[in-house]
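User: I have a model open and want to learn how to read its features. Can we go through them one at a time?

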Amino acid sequence: MADNAHEPRDWKSETAKYTLGGAGVGLFASAFQTAYSSSKGSALDVFTKHGGTIGFMAAMGGVFAGVDAASAQIRGKEDFVNSAIAGCAAGLIAGIRKRSIPAALGSCAFFGTAMGTYEYSGGFEGKMHGMTREQRDEYRSGLFASAEDLRK
């Protein structure tokens with residue numbers, strides 16, 4: 001997060017990539033739904049009975065990636081706010097599926113907060129990735145109040 005400089009991303013290819021990734025996750029979830037359903041059926045039930053899960057997950061992935069890239073392009077910054085906005089948009093998709101405005105707003109708040117926090121904390125690499133030992137110690141000392149600060 002130290003470098004907020006924005007370099008344009010190809011939002012179309014990123015959206016397609018995340019849509020396909022979401023469809024893969026949806027296919028996996030749909031297979032589990034089919035495997036654990038009480039009715040006996042065929043392997044095609046993954047698509048016929050629970051195929052909506054595939055489309056739902058694909059839509060969430062595509063919307064997330066598209067909104068993330070669009071907000072980065074509009075704002076001109078690459079930071080955690082883009083992920084929060086995109087998480088909110090993806091959360092709205094979950095509420096729309098339930099056909100409930102309160103669920104849509106709640107999902108927006110949840111996914112927006114979760115994705116913004118995840119991105120703010122540095123994602124998988126962590127916020128202190130690439131820092132020297134001294135930089136990490138300085139960063140850690142700034143997180144907590146010292147005894148002198150508490151006496152003031």
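Analyst: Start with contacts. Two residues are in contact when heavy atoms lie within 4.5 Å. Keep in mind that this is a predicted model.

User: Which residues does T34 touch, not counting residues up to four places away in sequence?

Analyst: T34 touches S42, D45, V46 and H50. T34 itself lies in helix α1, residues 11-35.

User: Is T34 buried or exposed?

Analyst: The cut-off for buried is under 20% relative accessible area. T34 has 15%, so it is buried. Across the protein, 26% of the 152 residues count as buried.

User: How many helices and strands does the protein have?

Analyst: The protein has seven helices and zero strands.

User: Which residues form the largest nonpolar core?

Analyst: A nonpolar core joins buried residues of nonpolar types through side-chain atoms within 4.5 Å. Here the largest one has six residues: F56, M60, F64, A86, A90 and A94. The elements giving two or more residues to this core are α3 (51-75) and α4 (80-98). Look at F64 in particular. Leaving out residues up to four places away in sequence, F64 touches Y18, S83, A86, G87, A90 and M115.

User: What span should α4 have?

Analyst: The expected span is 1.5 Å times one less than the number of residues. α4 has 19 residues, so it should span 27 Å; its end C-alpha atoms are 27 Å apart, which agrees. After α4 comes R99, with a positive phi near 60 degrees.

User: Which residues of α4 are buried, and what do they pack against?

Analyst: The buried ones in α4 are N82, S83, A86, G87, A89, A90, G91, A94 and G95. They pack against α3 and α5, the latter being residues 101-120.

User: How do α4 and α5 pack?

Analyst: Two packed helices are described by the angle between their axes and the distance between the axes. For α4 and α5, the angle is about 150 degrees and the axes are 6 Å apart. Angles over 145 degrees count as roughly antiparallel, so α4 is roughly antiparallel to α5. Residues of α4 in the contact include F80, S83, G87, G91 and G95. From α5, the contact residues include A104, C108, F111, G112 and M115.

User: What is the handedness of the crossing where α4 passes α5?

Analyst: The crossing is right-handed.

User: How do I read contacts over the protein as a whole?

Analyst: Look at sequence separation. Take the contacts between residues at least 6 apart in sequence: 55% of them join residues at least 24 apart.

Definitions and conventions: Residues numbered from 1 in each chain as written. Predicted model: local features only at pLDDT ≥ 70, side-chain atom pairs only at ≥ 80, totals over all residues. Heavy atoms only, no water. Helix = DSSP H or I, 4+ residues; strand = E, 2+ residues; numbered from the N terminus. Buried < 20%, exposed > 50% of the residue type's maximum accessible area, 1.4 Å probe, protein only. Axes fitted to C-alpha atoms, helices over the stretch in contact; angles between N-to-C directions. Parallel < 35°, antiparallel > 145°, perpendicular 65-115°, else oblique. Left-handed = near helix turned anticlockwise from the far one by under 90°.
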